[in-house]
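Here is a friendly briefing to read alongside the model. Please keep the 3D view open as you go through the points.

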Amino acid sequence: MPSLIHARAVKECQERKVFAPETATVRGLIFNAVLGLVSRHEGEAASVELRERITKKLYIDFFPYPAADFLQLLYSAAELLAPKHGGSLEEAIRACGAAAVSGFFQSAVGRTLTHLIGRGDPKRLFSNAPTAYSTTVGYGQRTYVKLSDRSVRLHFLGDMQPVQFHQGVLEEALAAVGCKGRVVARPFSLDEAEYTIEWE
């Protein structure tokens with residue numbers, strides 16, 4: 001099983017790196033959130049070893065780093081965490097997405113956004129999603145459409161992260177404003193997808 005997961009992780013990571021030009025960046029806080037998740041489940045030594053595959057330096061939260069490096073970290077972390085998620089690479093990636101949101105909402109920008117939005121108002125939260133994403137990554141375009149009083153849709157273009165990562169992000173964002181719901185992903189290609197978000 002681990003060898004199959006490893007082969008899949010390597011293959012998917014390489015396929016997605018094609019869509020990550022040198023100019024595409026991810027803020028350090030997202031790297032640190034994934035590393036923190038690994039540390040909590042596998043220990044600090046595993047987290048350090050994972051980071052040192054990419055860099056010997058610590059990530060600084062609001063510094064930009066190559067998106068290709070984040071893909072490498074994400075898939076390596078998901079491979080390591082998959083046994084905690086029933087052997088599912090997809091669920092491990094989703095957990096990394098959820099951790100990224102936790103990291104964002106604990107940052108100064110995230111705390112400010114939560115204060116402005118308030119709890120129990122997902123439409124307001126998700127209408128700000130394009131802005132929130134643009135503060136943490138330097139690539140892609142995201143658009144917001146309200147579908148009903150309890151559902152919205154986000155369209156992502158030029159975003160090479162796997163859909164499960166964004167599902168984890170969006171599900172955790174719903175939880176952050178105190179709502180239960182679901183996120184349905186519809187991928188069109190490796191760098192384009194839409195997400196329908198519904199809540200109770």
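Predicted model: local features only at pLDDT ≥ 70, side-chain atom pairs only at ≥ 80, totals over all residues.

Residues are numbered from 1 along each chain as its sequence is written, and side-chain values use heavy atoms, with hydrogens and water left out. Helices (H or I, at least four residues) and strands (E, at least two) are DSSP runs, numbered from the N terminus.

- An open sheet of 4 strands runs in the order 3-4-6-5, and its pairing is antiparallel; two strands count as paired if DSSP finds at least two bridges between them.
- Strand 3 (141-148) and strand 5 (181-189) are at the edges with a single partner strand each, so one side of each has no neighbour in the sheet.
- From one strand to the next, the twist averages 15° (axes are lines fitted to C-alpha atoms, for helices over the stretch in contact, and angles run from 0 to 180 degrees between N-to-C directions).
- Strand 3 pairs with strand 4 (residues 151-157) in the antiparallel sense over 7 bridges, and the two form a hairpin with 2 residues between them.
- Strand 5 and strand 6 (residues 192-199) are antiparallel partners over 8 bridges, and a hairpin joins strand 5 to strand 6 through 2 residues.
- Along that pairing, Val183 stands opposite Ile197 in strand 6, and the bridge partner of Ser189 is Glu192, also in strand 6.
- Strand 6 is mostly covered, with 6 of its 8 residues buried (buried means under 20% relative accessible area, exposed over 50%, and partly exposed in between, with a 1.4 Å probe and protein chains only).

**The nonpolar core**

- The largest nonpolar core has 61 residues, of which Val26, Phe70, Cys96, Phe126, Phe165, Leu170 and Ile197 touch the most other members.
- Helix 5 (residues 89-106) gives the most to this core, with 10 residues.
- Where does this core lie relative to domain 1 and domain 2? Domain 1 (4-105) and domain 2 (118-199) both give residues to the core, so it lies between them; the domain bounds come from an automatic or database domain assignment.
- A nonpolar core here is a set of buried Ala, Val, Leu, Ile, Met, Phe, Trp, Tyr and Cys residues joined through side-chain atoms within 4.5 Å.
- As general background, nonpolar side chains in soluble globular proteins tend to be buried together.

**Helix 2**

- Helix 2 (residues 28-42) has 15 residues, which at 1.5 Å a residue should span 21 Å; its end C-alpha atoms are 20 Å apart, which agrees. The expected span is 1.5 Å times one less than the number of residues.
- The buried residues of helix 2 are Gly28, Leu29, Ile30, Phe31, Ala33, Val34, Leu35, Gly36, Leu37 and Val38.
- Just after helix 2, Gly43 adopts a positive phi of about 100°.

**The cysteines**

- How many disulfides does a search of the whole structure find? The search finds 0 disulfides, a disulfide being a pair of cysteine sulfur atoms within 2.5 Å.
- The sulfur of Cys13 is 12 Å from the closest cysteine sulfur, which belongs to Cys96, and that is too far for a bond.
- Cys13 counts as buried because its relative accessibility is 3%, and Cys96 is buried with a relative accessible area of 0%.

**Two long-range contacts to check**

- Glu91 is in helix 5 and counts as partly exposed at 34% relative accessibility. Its C-alpha atom is separated by 8.7 Å from that of Gly168, 77 residues apart along the chain.
- Val152 is in strand 4 and counts as buried at 0% relative accessibility. The C-alpha atoms of Val152 and Ser127 are separated by 8.6 Å, with the two residues 25 residues apart along the chain.
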